Amino acid sequence: MNELAVSFNKIYLTGKEQQFIQEALQTGKIGSRGVFSDWCTHFMEQRYGFKKCLLTTSCTSAMEMAAILMNIQAGDEVILPSYTFVSTANAFLLRGAKLVFADSEAKNPNIDANRIEALITPRTKAIVVMHYAGIACDMEKISAICEKHHLLLLEDAAQCIDAYYTYSDGRKRALGSFGHFAAFSFHETKNIIAGEGGMLVVNDDCFIERAEIIYEKGTNRSQFLQQKVDKYEWKDIGSSFALSELNAAFLKAQLACIDEIQQKRNKAWSYYVHLFEKNNIMGLSLPDIPAYSVGNGHIFYLICENYTIRENLLNHSKKQGVQLAFHFSSLANSPYFKELSHGSTNETPVAECFARCLVRLPLYNSLTENQQVRVFESITSFFIH
Ligand SMILES: *Cc1c(COP(=O)(O)O)cnc(C)c1O
């Protein structure tokens, strides 16, 4: 057996998962929208000031719901970051939208707010932002652009549970509370997990009624459940978006311990900063966090000078038993998008640079400081011979 000394990710269990799943089994109700789902959505509405939360089978499906709610039609344009996961793009492509990719900020992979307005046309319907690694996008600037041009805003908040944006007067506001919609992920690789799972946040009242219908396969079943109608019927398009109570029970076990989980992750994240700041390595940059961002320790990344160095570093650390990882490729530069747009892609060179040079370090709750030192040493030994 040649086990990795430091693997890239390990799921964290709070110890309450089995008990809550057992309770869900005992209620005899393991479909959607039972007591566990209710607990989770209330918890997040209260804690983060989200208007309406609906648990979904994934963040991907939450974004698909958002695209339906936005009423995206064939030919509508949607501006989104090039540096993101494919689901952000697919949700809109499935509705026939034209994807318009925006480049990243110079200092981090987030969408560059200063490049958005130049991409707006009369056909633009929505802007999508993704807060990479739980680092906030420039939400004051982006919200102002959306208001000025009457555009809808979706936050791909997959990575940013318990992350915040700070206003200049010190007020803190949860990521996921800015957009008309936000989509979170509880996939096993995120801070808070449910196996698979996600959540749609609807922050604008005018979308809530239709959200309930689309969520319930296009029926008014939720009105029926609230005894507002005596039978439910087909009202609109929709799909099967709701999360099972078994996963919601798992999710409750995690959310009930969110402060402890976040404290551990933030501590591990800060310890990496401490190690790398104290030992400046030529050719390797630390994440540059904007002053308005209060992160959540989701990802710790470094930026290499070029692709070859990044690839060689990944191999070097692997040989030492340390699993590092690259991350997203830039969607504007993907073969599939080039095929879709018949070769006429919009260039996003900064996103491309993050795609080629960014490296993620192991980060999870059971990671020890000794293991972090080992990760650090595997990296320094590559740069300093
Ligand atoms: C993880 C992730 C997703 C997908 O989440 P699922 O719950 O697996 O659908 C989408 N966008 C981003 C930015 C992600 O990191």
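## Ligand contacts

A polar side-chain atom of Lys190 lies 3.0 Å from an oxygen atom of the ligand. The protein covers much of this ligand: 92% of the 380 Å² of accessible area that the ligand has on its own. The model is predicted.

An N or O atom in the Gln159 side chain is 2.8 Å from an oxygen atom of the ligand. Cys59 takes part through its backbone. A polar backbone atom of Cys59 is 2.9 Å from a ligand oxygen atom.

## The ligand's surroundings

Where does the ligand sit? The ligand is found in the largest pocket. Around the ligand stand 14 residues. The closest are Thr60, Asp156, Gln159, Ser185 and Lys190.

Which helix gives the largest share of the shell around the ligand? That is helix H3, residues 59-69, with three residues. By class, the shell holds six nonpolar residues, six polar residues and two charged residues.

How many bridges join S6 to S7? Strand S6, residues 164-166, is joined to S7 by three bridges, and the two run antiparallel. Within this pairing, Tyr164 stands opposite Ala174 in S7.

## The sheet S10-S12-S13

Another open sheet of three strands has the order S10-S12-S13. Here too the pairing is antiparallel. Which strands lie at the edges? They are strand S10 (284-285) and strand S13 (358-361). Each of these edge strands pairs on one side only.

S10 pairs with strand S12, residues 300-304, over two bridges. The sense is antiparallel. Ser285 stands opposite Ile303 in S12.

## In brief

The ligand sits in the largest pocket, with helix H3 giving the largest share of its shell.

Methods
Residues are numbered from 1 along each chain as its sequence is written. This is a predicted model: local features need pLDDT of at least 70, side-chain atom pairs count only at pLDDT 80 or more; totals for chains, interfaces and linings use all residues. Side-chain values use heavy atoms; hydrogens and water are left out. A residue is near a molecule or strand if one of its heavy atoms lies within 4 Å of it. A polar contact is a pair of N or O atoms within 3.5 Å; within protein, one must be able to donate a hydrogen and the other to accept it, and residues adjacent in sequence count only if both atoms are side-chain atoms. Accessible areas come from the Shrake-Rupley method with a 1.4 Å probe; for residues, only the protein chains shown count as cover. On a 1 Å grid over the protein atoms alone, a cavity is a set of points where a 1.4 Å probe fits but cannot get out, and a pocket is an open set with protein on both sides within 12 Å along at least five of seven lines; lining residues have an atom within 4 Å of a point. A molecule sits in a cavity or pocket if more than half of its atoms lie within 2 Å of its grid points. Helices (H or I, at least four residues) and strands (E, at least two) are DSSP runs, numbered from the N terminus. Ala, Val, Leu, Ile, Met, Phe, Trp, Tyr, Cys and Pro count as nonpolar, Asp, Glu, Lys and Arg as charged, and the others, Gly among them, as polar. Two strands pair if DSSP finds at least two bridges between them.
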